[in-house]
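Take a moment to look at the model before reading on. We will walk through it one piece at a time.

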Amino acid sequence: MSERTMRRQVLLFLSVLCLSYVVGQVSYSIPEEMAKGSVVGNIAHDLGLDLKRLKSGKARVYTGGGAQYIGLNKERGVLLIQERIDREALCGETTPCALHFQLILENPMELFRVTVEITDINDNTPSFTNAEKRFEISESAVIGSKFVLQKAIDSDIGINGLQHYALTPTDNFALKLENQADGSKKAEMVLQKPLDREKQNHISLLLTAIDGGEPQMSGTMQIFINVLDVNDNAPTFAKPLYRAKILENSPKGTSVTTVSASDKDIGSNGELSYLISPSKRLLYELFKIDSKSGEIVLIGEIDYEKANVYQIDIEVTDSGGLSDSTKVIVDVIDINDNNPHINIVSQSESVLEDSPPNTVIAMLSISDPDSENNGKVQCNIDNNIPFKIQTTLNGFYTLITEVALDRELASRYNITVTCSDEGVPSLSSSVTLTLQVSDVNDNAPVFERSIYEAYIVENNTPGLSVFTVKARDADWNQNARVSYILEDSSVNGVPVSSYVSVSADSGVIHAVRSFDYEQIKDFHLRVKAQDGGSPPLSSNVTVKILIQDQNDNPPQVLYPVQTGGSLVAELVPRSADVGYLVTKVVAVDVDSGQNAWLSYKLQKATDRALFEVGSQNGEIRTIRQVTDKDAVKQRLSVIVEDNGQPSRSATVVVNVAVADSFPEVLSEFTDFTHDKEYNDNLTFYLVLALAVVSFLFITCVVVIISVKIYRWRQSRVLYHSNLPVIPYYPPRYSDTLGTGTLQHVYNYEVCRTTDSRKSDCKFGGAGSQNVLIMDPSSTGTMQRIQIEKNILDEPDSPLEQKPPNNDWRFTQGQRPGPSGPHMPYGTHIRWTPNNGNRATGGPEVAMGTGPWPQPPTEAEQLQALMAAANEVSEATATLGPGTMGLSTRYSPQFTLQHVPDYRQNVYIPGSTATLTSNPQQQQQQQQATAQQAAQQALPPPQASAQPEPPKAAQTPASKKKSTKKEKK
């Protein structure tokens, strides 16, 4: 082992010395089967790289996805064996055998190509596929007859491969070796001495295969020969070598070629059998030969990328055991069946927007296993993006920036790299790379305006929001976060920060103090907007704050001066003419604008016909000639008002003395002050009394007019209303007058239009309990209505409406409703509007038994009852006394006294009062009813005397309604 190790070291040393340096490329040569951790070479030294560069550049070995046999030690800068390398498993029979990989560095990206050649060592023993071989040889075999022996397999190459064979013993047979076109040796056993089956019918030989390595290795195969008789001719092939071509990816069953052999023997000795030599197991899985015809057929899948040529050894054997062999070379034709493979070697996820052009973004490895034009690849990207792709080494491409980037224009790119080969048809592959453009603080905040103006009314509350400045930054995230800062400055020597403050986040300007327009009218400040980048960028803007005036100061009178104790008077001579200037009221207002416009008015004066005040200049002048009758003491009260909203005012008292000498004035002004107080109090009380009297007068007028309008509308409501007015009959109460001389109950229908002069009266026929009046629009049946009526007539019915007061204790015959023994007189009032459509109720309304759609108010019920009574009275007056003009249709006994007066016993729901007519009239009606009952032969069932229902005490509401009834 020490000699073997030394030999490897010598080979490694010679390999390093024989290195050929190429720019970006280095090669090494090592023997196979080196131990893990063995040094391949000092890559840093050979490439001229510093160890720091290997670390900072994150140096790594890129093998393209295959097994990584060799690794990099960045600490030492050497290549080390990571996995056991078996040349036979790695390359098979291919020579030379080499590992190709790349060394990649980043920041900046660099790539170096490394080639490591793997040399063979004698680590494989020659072996035969079969441990024994049996022959049947006729004894008539002539000397020189050849018998093909099975080839031995040695995975080593060169001197370490199979070198020669040895056959023992050599009594009858000799070993013949023949070199073939592929470099292998063909072993044949040649008969050199005739066989004699009688002497020896079985011969056992040993075939040894020996290689040329150190130490030398060998393999053996046992040969058994059975001596037969008579087959003295061996089969022979027509050609020693056959060639065929086949497309890759050909379907199974495709015929490759046909071999043929001949045998001069006849009969069974001339029957030939073809077979594929079992020297290579792979051939058994791909090809099959017909043992009778010699046709070779494809039974597996062939791929040009795996093997482009196949060599098949064909043997032919006759029945006597004689055989011959030939070789078939099958060339595989490549087709374009592989897309280009794109591998991302290295990629940057993001790039700064200020990166210079030609910055490497990604490195790609492109490969196509097809051959010739089918394996030539071209890559490209979209033209509308600021990137380009270029090739570096064979099969490697780099993606670089073409121009400077701007994140504000595009913050993200999706780069699609498409690679196509030159085959027909062309095949392509693509990959999309996503690149984020990182922001750089290259944009300063920008205000929306170059200068701002803000207005604020004086006397504001501190903390009031005055104005908002806004700046925008085109950058992103922290670089776009804007903060607002109030720059230091002063206003009239006072720091501006004592006037306003700026919110750092929102830019809202707040007032720190309350402003006074009279002290400061405007001021300037500067606001700086600064982003959060590093270093930060900023910009500033000027804001002008304008204070708006407010009418917060009353006028101030400068002249005449008002003193507390002394009395000042203006002297006017009695000879003063019209327009004489007595004095001038001088006042000022510290406000500005219209808030400072002053006007003067004479509020009070002892004699208003003597003086006037100029509204604009405040001059007090005489408006007539001063006479001797004018009082000496004249007191003028002048009010000074500004034009603000609301206006403010000041009052000044001007004392004027009408005299020619000063002593006269002095004697008259001694009690001036006492008269002033008295006159002021008297004026106040007079004005107050006048206001109270005016208010009471206007109130009374409004109330009287309202009452008149209300009464007028109440009197006209029945003449101009378009709504139906239907009398309300309380259920379970019958008319007390229904027991007169008439045996049947009659219904009256009064139809009126909105014009009271156009009306008609309809008098219905007799009705009883078995006759129901129904409206044609009703959808109910007669039976259902009869049932409802019977239910209402039952004393214990749950629908019974109880009387509102316990004093209403009437019998069934005394109840003024439609539920008595006979159906009462029903008056149906239908108001016909101008369009002619009459409003009518359903069957329940017609009978008076159903509830109102909406319960009427007391006023509506009273109006309906009074209107019905008035209509009956008008009809009576028209038809004449006695028979109402119905003698031709009704009995003469039917007189007006039998018509119920609905103005009597009016029941108002919800009230305990009953509206009654004149008691004398009620007694007369009762007596007439008694006489009619005595005259009838068959009185009605309930015609006996009934106790008179008690009259309820009248309430204020009932009295009010009685008064209204009498007025109507």
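**Strands and their partners**

Start with a pair of strands: β38 and β43 (residues 522-530) run antiparallel, joined by four bridges. Strands here are DSSP runs of E with at least two residues, helices are runs of H or I with at least four, and both are numbered from the N terminus. Two strands count as paired if DSSP finds at least two bridges between them. L486 has V527 of β43 as its bridge partner.

This is a predicted model: local features need pLDDT of at least 70, side-chain atom pairs count only at pLDDT 80 or more, and totals for chains, interfaces and linings use all residues. Residues are numbered from 1 along each chain as its sequence is written, and side-chain values use heavy atoms, leaving out hydrogens and water.

Now look at the side chains of β38 (residues 483-486). Y484 and L486 point to one face and are buried. Buried means under 20% relative accessible area, exposed over 50%, and partly exposed in between (1.4 Å probe, protein chains only). In a regular strand, side chains alternate between the two faces of the sheet.

Next comes an open sheet. Its four strands follow the order β46-β53-β52-β49, with mixed pairing. β46 (569-572) and β49 (598-605) stand at the edges with a single partner strand each, so one side of each has no neighbour in the sheet. β49 pairs with β52 (residues 633-642) in the antiparallel sense, over seven bridges. Within this pair, Y600 has V640 of β52 as its bridge partner.

Finally, step back. The protein has 12 helices and 58 strands. Of its 968 residues, 39% are buried.
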